[in-house]
Amino acid sequence: MGVEEEYLLVDRRTGLPVARGPHVVKAATAVLGEQAQAEFLGAQVEVCTRPTADLAELRCQLGLLRKVMGEAAADAGCLLVATGTPVIPPGSPPTVTPGERYGRLAARWPSLVGSYDGVVCGCHIHVGVTGRGQALALSNHMRPWLPTLQALAANSPFSLARDTGWASTRSVEHARWPGVGPAPLLDEVGYERLADHLVKTGALLDRRMIYWYARPSEHVPTLEIRVCDVNADLDVVLLLTALVRGLATTLLLDVGDGRPLPDLPADRLHAAHRLAARHGLAGDGLDPVLGERVPALTLTERLMARAAPGLAAAGDIDLAEELFRRVRRSGGGAASQRAAYVRRGRLADVVSDLVRTTAAG
């Protein structure tokens with residue numbers, strides 16, 4: 001398993017996003033090498049862990065990556081923040097990071113690039129697979145569970161200096177891009193045919209723009225889950241990663257046994273993702289298989305139970321249960337951001353709390 005995290009860079013005095021990503025990445029690369037990466041917009045940076053089979057090792061890696069990137073940000077006069085959307089809006093439209101591919105993206109979709117609320121940061125979780133066929137089979141079986149992971153990861157209630165009413169505003173804003181959404185049901189032949197079609201017709205710039213919520217990686221042998229907001233609290237990140245791997249391990253039995261996929265109408269799946277983005281852990285979610293509205297926490301408990309055999313096989317079940325208890329007490333990232341704001345009604349307090357929690361990892 002491995003994790004990619006996108007972070008926001010904000011000015012240390014104002015909390016506004018600042019386009020110092022290339023400078024921060026250049027400084028961090030001296031220590032982290034290719035694990036420190038630039039992102040599409042200048043106010044963002046990205047880190048990626050190395051593959052590991054151990055959650056404790058994953059936490060250590062993420063802690064080190066955040067520490068080094070945070071120090072590089074401080075040297076550049078800014079702060080590192082793990083949040084799905086900026087709490088305080090940028091003073092001007094976001095700046096695109098220099099580069100040939102980024103330039104082509106900006107030219108093709110200028111209305112998305114130039115919007116003040118277009119800065120979004122996600123957490124992408126990879127699990128190792130034997131090949132693309134297995135990745136697609138797992139993706140097909142994981143579709144009903146991804147709205148619950150999305151709710152658990154929700155960490156972006158603020159955008160443009162206001163509470164949007166969404167627990168994951170990032171989900172709403174990111175969905176404006178082509179290629180974002182639930183993955184279609186595909187085998188290897190179908191994937192190759194569709195991917196080629198999307199690029200040849202110009203619907204997408206290239207295969208890297210296949211932003212499905214679950215996709216086979218084009219450069220490493222993994223299934224990549226892309227439905228999560230980045231979270232300041234490493235407990236949330238570790239829980240999400242443990243659940244993805246545990247669920248994948250469990251569902252491999254269904255794949256091996258040739259069990260049929262559940263009936264999952266597209267409109268119901270989209271509705272489940274929408275409710276997850278709206279409420280996070282704080283309200284109702286939708287079971288996309290049964291079509292019933294139930295509390296999001298109940299859906300999370302069902303996910304924990306479904307992933308339990310895989311969690312147990314990896315020796316992660318006790319840790320996952322403890323992490324779930326902690327996240328349940330806090331209410332998750334969106335609830336923590338709102339609690340920070342309620343204390344004094346200041347957005348600056350939300351940013352400060354996020355900065356501290358990001359660094360605490």
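User: What is the place of alanine 161 in this predicted model?

Analyst: Alanine 161 sits in the loop between β6 and β7. Its phi is near 65°. That is a positive value in a residue other than glycine.

User: Why is alanine 161 called partly exposed?

Analyst: Its relative accessibility is 39%. Buried means under 20%, exposed means over 50%, and partly exposed is in between. The value of 39% falls in between, so alanine 161 counts as partly exposed.

User: What makes leucine 160 partly exposed?

Analyst: Leucine 160 has a relative accessible area of 36%. The cut-offs are under 20% for buried and over 50% for exposed.

User: Where does leucine 160 lie, and what is its phi near?

Analyst: Leucine 160 is in the loop between β6 (158–159) and β7 (162–163). Its phi is near 55°, positive although the residue is not glycine.

User: How do you know that threonine 169 is buried?

Analyst: The relative accessible area of threonine 169 is 4%. Buried means under 20%. The value is under that cut-off, so threonine 169 is buried. This residue is found in helix α7 (residues 169–174).

User: What is threonine 169 in contact with, leaving aside neighbours within four places in sequence?

Analyst: Contact means heavy atoms within 4.5 Å. By that rule, threonine 169 is in contact with Thr85, Ser156, Pro157, Phe158, Ser159 and Thr164.

User: Which residues have the most contacts inside the largest nonpolar core?

Analyst: They are Trp177, Leu223, Leu239 and Leu243, in a core of 101 residues. Helix α9 supplies the largest share of this core, 12 residues. Nonpolar side chains tend to be buried together in soluble globular proteins.

User: Which residues does tryptophan 177 touch, not counting those up to four places away in sequence?

Analyst: Tryptophan 177 touches Phe40, Leu105, Trp109, Leu112, Val113 and Met209.

User: How many residues line the second largest pocket, and which are closest to its centre?

Analyst: The space in the second largest pocket is about 240 Å³. Its lining has 15 residues. The closest to its centre are Pro144, Trp145, Pro262, Val289 and Arg306.

User: Which elements give two or more residues to that lining?

Analyst: They are α9 (234–257), β12 (284–287) and α11 (296–313). The most comes from α11, with three residues.

How values were computed. Residues numbered from 1 in each chain as written. Predicted model: local features only at pLDDT ≥ 70, side-chain atom pairs only at ≥ 80, totals over all residues. Heavy atoms only, no water. 1 Å grid on protein atoms, 1.4 Å probe; cavity = no way out; pocket = protein on both sides within 12 Å on 5 of 7 lines; lining within 4 Å. Points joined across faces, edges and corners; volume = space filled by probe spheres on them. Helix = DSSP H or I, 4+ residues; strand = E, 2+ residues; numbered from the N terminus. Core = buried A, V, L, I, M, F, W, Y, C linked by side-chain atoms within 4.5 Å. Buried < 20%, exposed > 50% of the residue type's maximum accessible area, 1.4 Å probe, protein only.
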